[in-house]
Amino acid sequence: MNVARRNVVAALSGFVFAIGLGLSGMTQPNKVVGFLDFGGDWDPSLALVMAGGIGVLLLAQWAARRMARPLFADSFPVLKRNEIDRRLVAGAAIFGVGWGLGGFCPGPALTSCGIGTRAALVFVPAMFAGFGAVRLWDARKRLAAEDETGLVEARQRAQPVAGS
Amino acid sequence: MSHFTPLPSLLGGIAIGAAAAVLLLSNGRVAGISGICAGMLGGEEGDSAWRWLFVGGLLVGGLAFGMVRPAAFQPGIVRSAGALALAGFLVGSGARLANGCTSGHGLCGLSRLSPRSFVAVGTFMATGALTVLVVSRFFGGAV
């Protein structure tokens with residue numbers, strides 16, 4: 001029952017999110033570039049998008065703190081990470097270069113796919129390739145780490161045998 | 001090049017915030033687009049349907065809004081397919097490395113006053129501005 005409700009909410013949320021993006025100007029790459037062009041003909045519109053969005057979400061966070069749990073789910077998300085590490089800074093730096101280069105971030109690019117603009121249809125598959133590349137990289141690192149611990153365990157097991 | 005549009009941008013931001021707020025208060029989920037997309041294939045069992053539905057909602061919303069106001073989807077900048085593909089790859093990989101994008105860090109994270117998100121937003125705004133500067137100074141605004 002709650003699963004069905006959550007699914008309906010997710011679809012509606014995506015729909016309203018897209019309308020907001022379209023209305024805000026985020027789906028026009030030249031407005032993104034105009035916002036990032038601090039030294040040139042600066043267009044501050046996107047600061048207002050952030051202000052509007054953050055304003056509503058501050059209220060939502062305040063409400064969430066006063067609710068025992070979400071309406072249709074068991075718990076609110078818990079912060080998994082706290083540390084500011086190299087991965088965060090490097091990732092954000094890479095993200096920014098792509099954002100400035102294409103004038104798209106993930107939400108507006110997907111929304112623009114709905115109407116099928118050429119730019120979005122090129123950008124979005126490449127974006128998913130980027131998601132996949134990091135996933136592969138993480139999986140390989142995990143595998144390598146497991147291999148190493150596996151080796152260490154094997155050595156530890158081998159040592160007493162070798163000593164006896 | 002682009003004009004200041006205070007009212008539509010503020011209203012659009014409020015709509016985006018409302019969509020994210022509903023997802024949080026009803027489903028206990030963070031509306032981070034890159035995170036939602038990355039979990040569409042695989043990941044935890046029984047955790048992918050809502051992601052597909054959210055992205056489906058985004059696509060249908062884009063289609064609906066584009067039919068009413070096609071001008072909202074005008075690129076307004078000149079970018080080759082190669083530049084767009086490179087940009088897409090950088091956005092996708094960067095967002096996963098940083099565990100969030102403009103929505104996850106920029107809206108949800110900042111409103112939760114997360115230090116990680118402040119660092120992420122400051123960093124991607126800085127490198128984004130630098131990229132725009134390089135493109136306009138050295139490439140005449142078209143790549």
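In what order do the elements of chain B run from the N terminus on? They run α-α-α-α-α-α, and the secondary structure of chain B accordingly comes to six helices and zero strands. The model described here is predicted, and the predictor gives the complex an ipTM of 0.96 together with a pTM of 0.92. For chain B the pLDDT averages 93, with 99% of the residues scoring at least 70.

## Chain B and its side towards chain A

Taken along the principal axes, the C-alpha atoms of chain B fill a box of roughly 50 × 35 × 30 Å. Of its 143 residues, 60% count as buried, and among the contacts in chain B between residues at least 6 apart in sequence, 44% join residues at least 24 apart.

The interface involves 101 residues of chain B, which are in contact with 100 residues of chain A. On the side of chain B that touches chain A, at least two residues each are supplied by helix H1 (6-27), helix H2 (33-38), H3, helix H4 (81-97), helix H5 (104-111) and helix H6 (115-138) of chain B. H1(B) gives the most to this side, with 21 residues. By class, the residues of the side of chain B that touches chain A divide into 63 nonpolar, 32 polar and six charged.

## Helix pairs

Two packed helices are described by the angle between their axes and the distance between the axes.

| Helix pair | Angle between axes | Distance between axes | Source of the pair |
|---|---|---|---|
| H1(A) and H3(B) | roughly 35° | within 7 Å | chain A and chain B |
| H5(A) and H3(B) | roughly 60° | within 7 Å | chain A and chain B |
| H5(B) and H6(B) | about 145° | 8 Å | chain B |

The residues of the contact of H1(A) with H3(B) divide into 15 nonpolar, eight polar and one charged.

Helix H5 of chain A, residues 106-115, also packs against H3(B), with the axes crossing at roughly 60°, and that angle makes H5(A) oblique to H3(B). H5(A) passes H3(B) in a right-handed crossing. In H5(A), Leu110(A), Thr111(A), Ser112(A), Cys113(A), Gly114(A) and Ile115(A) meet residues of H3(B), among them Val55(B), Leu58(B), Leu59(B), Gly62(B) and Gly66(B). The contact of H5(A) with H3(B) has eight nonpolar, six polar and no charged residues.

Within chain B, H5(B) passes H6(B) in a left-handed crossing. His105(B), Gly106(B), Gly109(B) and Leu110(B) of H5(B) make this contact with Arg116(B), Ser117(B), Phe118(B), Ala120(B) and Val121(B) of H6(B), and by class the contact of H5(B) with H6(B) has four nonpolar, four polar and one charged residues.

## Two positive phi angles in chain B

Asn99(B), placed in the loop between H4 and H5 of chain B, has a phi near 55°, a positive value in a residue other than glycine. Is Asn99(B) buried or exposed? Asn99(B) is buried, because 23 other C-beta atoms lie within 10 Å, where 20 or more are required.

Leu113(B), which lies in the loop between H5 and H6 of chain B, likewise has a positive phi, of about 60°, although it is not a glycine. With 10 C-beta neighbours inside 10 Å, however, Leu113(B) counts as exposed, the limit for that class being 12 or fewer.

## Gly25(A) and helix H2 of chain A

Gly25(A) is found in the loop between H1 and H2 of chain A and counts as buried, with 27 C-beta neighbours inside 10 Å. Leaving aside residues up to four places away in sequence, Gly25(A) touches Lys31(A) and Ser45(A) as well as Thr5(B), Pro8(B), Ser9(B) and Gly12(B). The C-alpha atoms of Gly25(A) and Val49(A), 24 residues apart along the chain, are separated by 8.6 Å.

Lys31(A) belongs to H2(A), where Pro29(A), Asn30(A), Val32(A), Val33(A), Gly34(A), Phe35(A) and Leu36(A) are buried along with Lys31(A) itself. Eight of the eight residues of helix H2 (residues 29-36) of chain A are therefore buried, so the helix is largely enclosed by the rest of the structure.

Definitions and conventions: Residues are numbered from 1 along each chain as its sequence is written. Chains are lettered from A and ligands numbered from 1 in the order in which they are written. This is a predicted model: local features need pLDDT of at least 70, side-chain atom pairs count only at pLDDT 80 or more; totals for chains, interfaces and linings use all residues. Axes are lines fitted to C-alpha atoms, for helices over the stretch in contact, and angles run from 0 to 180 degrees between N-to-C directions. Helices (H or I, at least four residues) and strands (E, at least two) are DSSP runs, numbered from the N terminus. Ala, Val, Leu, Ile, Met, Phe, Trp, Tyr, Cys and Pro count as nonpolar, Asp, Glu, Lys and Arg as charged, and the others, Gly among them, as polar. Two residues are in contact if their C-beta atoms, placed from the backbone, lie within 7 Å. Angles under 35 degrees count as roughly parallel, over 145 as roughly antiparallel, 65 to 115 as roughly perpendicular and the rest as oblique. A crossing is left-handed if the near helix is turned anticlockwise from the far one by less than a right angle, and right-handed if clockwise. pLDDT is the predictor's confidence in each residue, from 0 to 100.
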